[in-house]
Amino acid sequence: MSTHTLKAKRIHPNVQREHIQIGHITFEFCRKNKTFALIAGEAEHSKDRRPLFTGFIEQGMDKELRRLASCFRQILENDND
């Protein structure tokens, strides 16, 4: 069950949730139940800061995120040329 919805946060306020801001997206994750949420971190209204997507942290996601980071790096390096 997701610990990232507003309802879950009200029911379980003591669940530890960590946040990492990347651009205008906030990654919220819970180590205990291995879940995450993508949140529009810079949304103008608080009602719009609910999770856009939630899911379980699965094997191989770390490799996929490194591949994405590598693509971003290449784009930025090519932009400097």
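Author: The dialogue below goes from the overall fold to pockets, salt bridges, cysteines and one backbone angle. This is a predicted model, in which local features need pLDDT of at least 70 and side-chain atom pairs count only at pLDDT 80 or more, while totals for chains, interfaces and linings use all residues. Residues are numbered from 1 along each chain as its sequence is written, and side-chain values use heavy atoms, with hydrogens and water left out.

Reader: How many helices and strands does the protein have, and which pattern do they follow along the sequence?

Author: Helices (H or I, at least four residues) and strands (E, at least two) are DSSP runs, numbered from the N terminus. On that basis the protein has two helices and four strands.

Reader: What is the radius of gyration, and what would a compact globule of 81 residues have?

Author: The radius of gyration is taken over C-alpha atoms, and the globule rule is 2.2 Å times the number of residues to the power 0.38. For 81 residues the rule gives a value near 12 Å, but the protein has 15 Å. The C-alpha trace spans about 50 × 35 × 15 Å along its principal axes. As to burial, a residue is buried under 20% relative accessible area, exposed over 50%, and partly exposed in between (1.4 Å probe, protein chains only). Buried residues account for 19% of the 81 residues.

Reader: How much space lies in the largest pocket, and which residues are closest to its centre?

Author: Rolling a probe the size of a water molecule over the atoms shows where empty space is left. On a 1 Å grid over the protein atoms alone, a cavity is a set of points where a 1.4 Å probe fits but cannot get out, whereas a pocket is an open set with protein on both sides within 12 Å along at least five of seven lines; lining residues have an atom within 4 Å of a point. Grid points are joined across faces, edges and corners, and a volume is the space filled by probe spheres set on the points. The largest pocket holds about 600 Å³. It is lined by 17 residues, of which I22, F27, L38, M61 and L65 are the closest to its centre. Two or more lining residues come from each of β1 (18–22), β2 (25–30), β3 (35–40) and α2 (61–79). The greatest contribution is that of α2, with eight residues.

Reader: How does the lining of the largest pocket divide by residue class?

Author: Ala, Val, Leu, Ile, Met, Phe, Trp, Tyr, Cys and Pro count as nonpolar, Asp, Glu, Lys and Arg as charged, and the others, Gly among them, as polar. The lining of the largest pocket has 13 nonpolar, no polar and four charged residues. The second largest pocket holds about 180 Å³. Eleven residues line the second largest pocket, with T5, L6, R49, R50 and P51 the closest to its centre. By class, that lining has three nonpolar, three polar and five charged residues.

Reader: How many salt bridges are found in the whole structure, and which side chains meet in them?

Author: Side chains of opposite charge can pair when their charged atoms come close. The criterion is a side-chain nitrogen of Lys or Arg within 4 Å of a carboxyl oxygen of Asp or Glu. The search finds three salt bridges. E28 and K9 meet at 3.0 Å, N to O. This pair links distant parts of the chain, 19 residues apart, with E28 in strand β2 and K9 in helix α1 (residues 6–11). E28 is buried at 1% relative accessible area, whereas K9 is partly exposed at 29%.

Reader: Where do the partners E18 and R31 lie?

Author: E18 and R31 form a salt bridge at 2.5 Å, N to O. E18 lies in strand β1 and R31 in the loop between β2 and β3, so the pair ties together parts that are 13 residues apart in sequence. E18 is partly exposed, at 21%, and R31 is exposed, at 59%. The side chains of D62 and R66 also meet, at 3.4 Å, N to O. Both lie in helix α2, four residues apart, about one turn of the helix.

Reader: How many disulfides does the search find?

Author: A disulfide is a pair of cysteine sulfur atoms within 2.5 Å, and the search of the whole structure finds zero. C30 is buried at 2% relative accessibility, while C71 is partly exposed at 38%.

Reader: What is the phi of K34, and where is K34 found?

Author: K34 has a positive phi of about 55°, although it is not a glycine. K34 is found in the loop between β2 and β3, and is exposed with a relative accessible area of 53%.
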